[in-house]
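Here is a short briefing for a first look at this structure. The points below are grouped by topic.

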Amino acid sequence: MTTVFDPVDLSGTQLSNRIALAPMTRSRAGEGGTATGLTVDYYTQRASAGLLITEGIQPSVVGQGYPSTPGLHSAEQVASWREVTDSVHAAGGRIFAQIMHAGRIGHPVLLPDGLIPVAPSPVAAPGQVHTHVGPKDFVEPHELTDEEIRATIGDFATASRNAIDAGFDGVELHGANGYLIQQFLAPNTNLRTDAWGGSDTARIRFAVEVVKAVVSEIGAERTAIRISPGNPYNGIEEPEPDAVYTALVGELEPLGLAYLHVLEQADGRELTLALRKQFTGTLVINVFSEGPTGPEHHTVIDDGIADIISYGALFLANPDLPARLKAGGPFNTPDPKTFFGGGAEGYTDYPALDAV
């Protein structure tokens, strides 16, 4: 029986175990959206995971949705990430960059030169976004033209090439959590009636074209995507997600991607299993749970539901999580203060296993 502690071949990238660090927004980038020494520490401390997936990294200036998030669209940003990847590799780890365009999630105060957030349709997200000058209501985004859509696809491909140049082992395209790719997938955020919307086939086109562009740039074996079917986060409404996501995965399956990462929702296991049958490559799962994904959830590997399991909050609190899972604990309790905001306590210095 395969266990979470067994190695796995990820399209030619050898992983020491089947535990992944889930991508989590950190909002601690340096000037110009660069990675910092704290970024190096954070990922290096967690390098015992089979796979590290970074926080969302914007592929363009207008792709930024939160304060102090990093990019991969300038030479300075690429150089700063090289320090992270070199350190992770020296520690024996493997790391993918998550490329995330926030789309309508964001605010003009976060963007330079009079830019406003963009989206498939001019539909504002409900609620507010945190900015460096306090909470701000989401604004009506600029509806992307056909030419701008194609340019945005190019931004994803360029950022992915920059990621490889920065030493990453691959990229994960963020198609989940209500950001731009999912905004094209969801019927309440994509009201278009052209070739990019109006039917399931048209709504998946942007996601498929982004993946194909990245595959063409860096190879399928270094390209992955994360999806969250039915996830209502950031105002997404997908009441019947099965059809669009099975159509999407049907288009992606022949490409030979490194992996498909499913952020599972409540009552989403049936769709996960359907996608598992449909996708013959490596499946990464972030298990739905009322609280943080815990040690009891890695049975999804034992049961063959997925090939890799990603941990979020528990990995924040336990940088040496694989060792703790193997030992059966003890586990530090995640602290909500560590999730966002510059200087939050406990970011890197939770007690190590040999200190408790």
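A crossover is right-handed if, with the strands pointing away from the viewer, the path from the first strand over the helix to the second runs clockwise. By that rule, β11, α7 and β12 make a right-handed β-α-β unit. Helices (H or I, at least four residues) and strands (E, at least two) are DSSP runs, numbered from the N terminus.

This is a predicted model, in which local features need pLDDT of at least 70, side-chain atom pairs count only at pLDDT 80 or more, and totals for chains, interfaces and linings use all residues. Residues are numbered from 1 along each chain as its sequence is written, and side-chain values use heavy atoms, leaving out hydrogens and water.

**Strand β12 and its partners**

- Strands pair if DSSP finds at least two bridges between them.
- β11 and β12 run parallel and are joined by four bridges.
- Ile227 stands opposite Val262 in β12.
- β12 also pairs with β13 (residues 282-286), again in the parallel sense, over five bridges.
- Tyr259 has Thr282 in β13 as its bridge partner.
- From β12 the chain crosses through helix α8 (residues 269-278) to β13, and this β-α-β crossover is right-handed.

**Burial in β12**

- Buried means under 20% relative accessible area, exposed over 50%, and partly exposed in between (1.4 Å probe, protein chains only).
- Five of the five residues of β12 (residues 259-263) are buried, so the strand is largely enclosed by the rest of the structure.
- In a regular strand the side chains alternate between the two faces of the sheet.
- Tyr259, His261 and Leu263 point one way from β12, while Leu260 and Val262 point the other way.

**Helix α6**

- α6 (residues 205-218) has 14 residues and reaches 20 Å from its first C-alpha to its last.
- That is close to the expected 20 Å, where the expected span is 1.5 Å times one less than the number of residues.
- Its buried residues include Phe206, Val210 and Ile218.
- The buried residues of α6 pack against α3, β10, α4, α5, β11 and α7, with contact meaning heavy atoms within 4.5 Å.
- Just after α6, Gly219 takes a positive phi of about 100°.

**Arg192**

- Arg192 sits in the loop between α4 (180-185) and α5 (200-203).
- Arg192 counts as buried because its relative accessibility is 8%.
- A polar contact is a pair of N or O atoms within 3.5 Å; within protein, one must be able to donate a hydrogen and the other to accept it, and residues adjacent in sequence count only if both atoms are side-chain atoms.
- The Arg192 side chain makes such a contact with the side chain of Asp194 (2.8 Å).
- The Arg192 side chain also reaches the backbone oxygen of Pro120 at 2.8 Å.
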